[in-house]
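Me: I am new to this structure and would like to learn how to read its features one at a time. Could you take me through them slowly, giving the general idea before each case?

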Amino acid sequence: EAHIRVIRVDEKTVDIEVHTDDAWTLVPGIVFESGGGITEVGATATDTNFAGFGKKLWVEGIHKSDVGTNYAAGYNDPQVRNSWWQANTNFKTGPLIDVVNVSAIRPFYSPDTEWAFGGFANWRSAETRLFENGDEVSRFHESSQGAQIFAARAFGPRYNKLTAEVQFVYDERHFDFTEGTPVR
């Protein structure tokens with residue numbers, strides 16, 4: 001709900017005060033799943049308007065009875081310091097996984113925008129379990145890291161633009177079987 005008040009400063013100037021009451025944006029959650037002899041129990045919390053600034057912050061902790069507890073968190077800022085830059089970061093850690101992702105992007109934010117820039121980076125280390133008839137028969141380890149940076153330029157009239165983009169991509173991945181016999 002918004003209330004607007006106009007305050008006359010002089011003959012040519014007014015101040016406008018806008019008072020708002022925000023809705024509750026914190027969303028808690030409970031996780032409970034069970035099946036195949038495995039139980040998951042956990043909690044999550046997401047705030048889609050963190051501290052009233054339109055930023056998204058989330059956290060979770062989930063315990064799986066067969067492997068242990070995973071923790072994850074993330075932050076999304078659709079307008080870094082009142083600019084056109086957008087930022088996102090998240091991580092996940094647990095007995096079988098460690099992941100970190102970060103990005104910063106200045107997109108084509110309107111039909112008049114001529115330039116866009118950005119970059120992404122990620123790092124991952126994970127154990128993947130392979131099952132046959134409900135039994136774990138093998139595992140493999142994946143480690144990867146990557147990055148991408150780009151710059152793009154739009155040419156032409158407002159709604160009929162031609163876009164040129166230059167990007168650099170780095171992607172490195174390694175896979176190793178760690179237990180059991182590889183499944184073919």
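Reply: Let us begin with strand pairing, where two strands count as paired if DSSP finds at least two bridges between them, and where strands are DSSP runs of E with at least two residues, numbered from the N terminus. Here strand 3 (residues 26–35) and strand 4 (residues 38–50) run antiparallel and are joined by ten bridges. Before we go on, note that this is a predicted model, in which local features need pLDDT of at least 70 and side-chain atom pairs count only at pLDDT 80 or more, while totals for chains, interfaces and linings use all residues. Residues are numbered from 1 along each chain as its sequence is written, and side-chain values use heavy atoms, with hydrogens and water left out.

Me: Which residue of strand 4 does V31 stand opposite, and how many residues lie between strand 3 and strand 4 in the hairpin?
Reply: V31 has G42 of strand 4 opposite it. The hairpin formed by strand 3 and strand 4 leaves two residues between them, and G36 in the turn shows a positive phi of about 65°.

Me: How should I read burial, and is S144 buried or exposed?
Reply: Burial is read from relative accessible area, computed with a 1.4 Å probe on protein chains only: under 20% is buried, over 50% is exposed, and anything in between is partly exposed. S144, which is found in strand 10 (residues 135–155), has a relative accessible area of 8% and is therefore buried. Leaving aside residues up to four places away in sequence, S144 touches N122, W123, R124, E172 and R173, where a contact means heavy atoms within 4.5 Å.

Me: What makes a salt bridge, and how many are there by this rule?
Reply: A salt bridge requires a side-chain nitrogen of Lys or Arg within 4 Å of a carboxyl oxygen of Asp or Glu, and the count by this rule comes to eleven. One of them joins R5 to E17, with the closest N and O atoms 3.9 Å apart. This pair links distant parts of the chain, since R5 is in strand 1 (residues 2–8) and E17 is in strand 2 (residues 14–20), twelve residues apart. R5 is partly exposed at 47% relative accessibility, and E17 is partly exposed at 29%.

Me: Which residue forms a salt bridge with D66, and which residues are linked with D66 in a network?
Reply: D66 forms a salt bridge with R129, and their closest N and O atoms are 2.6 Å apart. D66 lies in the loop between strand 5 (55–64) and strand 6 (68–77), whereas R129 lies in strand 9 (residues 115–132), so the pair ties together parts that are 63 residues apart in sequence. The network of salt bridges links D66, R129, E136 and R139.

Me: How do I read a pair of aromatic rings, and how many aromatic pairs does the structure hold?
Reply: Such a pair is described by the distance of the centres and the angle of the planes. Rings of Phe, Tyr and Trp (its six-membered ring) pair if their centres lie within 6.5 Å, with planes under 30 degrees apart counted as stacked, over 60 as edge-to-face and the rest as tilted. The structure holds three aromatic pairs. Among them, W84 and Y109 are stacked, at 3.8 Å centre to centre and 5° between the planes. W84 lies in the loop between strand 6 and strand 7 (86–93), and Y109 in the loop between strand 8 (97–106) and strand 9, so the pair ties together parts that are 25 residues apart in sequence.

Key: Helices (H or I, at least four residues) and strands (E, at least two) are DSSP runs, numbered from the N terminus.
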